[in-house]
Structures are given as C-alpha cells and as structure tokens.
Amino acid sequence: MQLIAYAQRNKPPYPRLARENNWAGEVTLEITLRADGQAELGLRGGSGYDVLDKLALDTYQQALHAVPVPPALRGRQVKLEPLRLVYRFVE
C-alpha cells in the first residue's frame with residue numbers, strides 16, 4: 001500500500017503526446033521483491049501506447065527505490081499481486 005500511495009503522490013504529469021492524441025489505456029505491472037531486498041518490475045500487459053507503458057514503469061520504478069521493503073517481507077522472495085493501472089486524461 002505504501003508503494004501505491006508513494007506513486008500516487010509523486011506521479012508525473014500525463015504525457016503531452018498521450019493528452020494531445022486522447023490516448024488512454026490499462027497497464028498491468030508485475031513486481032517481485034527478492035530475498036536480497038531488490039525489486040524486479042515488469043510489464044505484464046501493455047496499454048497499446050509505449051508512452052503510457054513507460055509512464056507506468058518509470059513511476060513504479062521510482063516508488064520501488066523510495067519505499068523500503070516492509071520488515072515482514074525481508075529475507076524472502078515475494079511476488080506481489082499484479083498491479084493494474086488505468087490511464088485516462090481528465091482535465
């Protein structure tokens with residue numbers, strides 16, 4: 001939950017190219033917390049627009065670096081539930 005909250009608080013602006021073309025879509029990310037404390041982030045399902053996929057990956061990569069792994073999960077590998085993100089520009 002801290003990861004999602006951090007990403008929401010620090011999300012970058014909607015990409016200009018996506019806004020100008022009225023692009024919207026759903027991105028699904030996979031996150032695995034490794035036993036060594038590092039995280040692996042992958043794209044499970046793309047939006048159909050590289051710019052939105054990159055936005056999702058960049059946003060959550062930053063969040064993974066900023067939010068510490070909870071103590072209860074340290075020392076073991078944990079695959080989190082897929083994270084579904086919906087991108088739609090609203091003025």
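A note on what I'm looking at. This is a predicted model, where local features need pLDDT of at least 70 and side-chain atom pairs count only at pLDDT 80 or more, while totals for chains, interfaces and linings use all residues. Residues are numbered from 1 along each chain as its sequence is written, and side-chain values use heavy atoms, with hydrogens and water left out.

**Strand E1**

I found Thr32 in strand E1. Helices (H or I, at least four residues) and strands (E, at least two) are DSSP runs, numbered from the N terminus. I listed the contacts of Thr32 (heavy atoms within 4.5 Å). Leaving aside neighbours within four places in sequence, Thr32 meets Gln38, Ala39, Glu40, Gln77, Val78 and Lys79.

Then I went to Ile31, also in E1. Ile31 is buried, with a relative accessible area of 3%. Among the residues Ile31 touches, beyond those up to four places away in sequence, I noted Leu3, Leu41, Leu64, Leu80 and Leu83. I also checked Ile31 against Thr59: they are 28 residues apart in sequence and 13 Å apart in space, C-alpha to C-alpha.

**The hairpin**

What does E1 pair with? I see E1 and strand E2 (residues 39–45) pairing in the antiparallel sense over six bridges; a pair needs at least two bridges found by DSSP. Ile31 stands opposite Leu41 in E2. Five residues sit between the two strands of this hairpin, and Gly37 takes a positive phi near 90 degrees.

**Helix H1**

Next I turned to helix H1 (residues 2–9), where Leu3, Tyr6 and Ala7 are buried. Seen down the axis of H1, they fall within an arc of 95 degrees, so they line one face of the helix. The arc is taken from the directions from the helix axis to the C-beta atoms. Gln2 and Arg9 are exposed, on the face turned away from the buried side. The cover over the buried residues of H1 includes strand E1 (25–33) and helix H3 (50–66).

**H1 against H3**

I looked up which residues meet here: on the H1 side they include Leu3 and Tyr6, and on the H3 side they include Thr59 and Leu64.

How values were computed: Buried means under 20% relative accessible area, exposed over 50%, partly exposed in between (1.4 Å probe, protein chains only).
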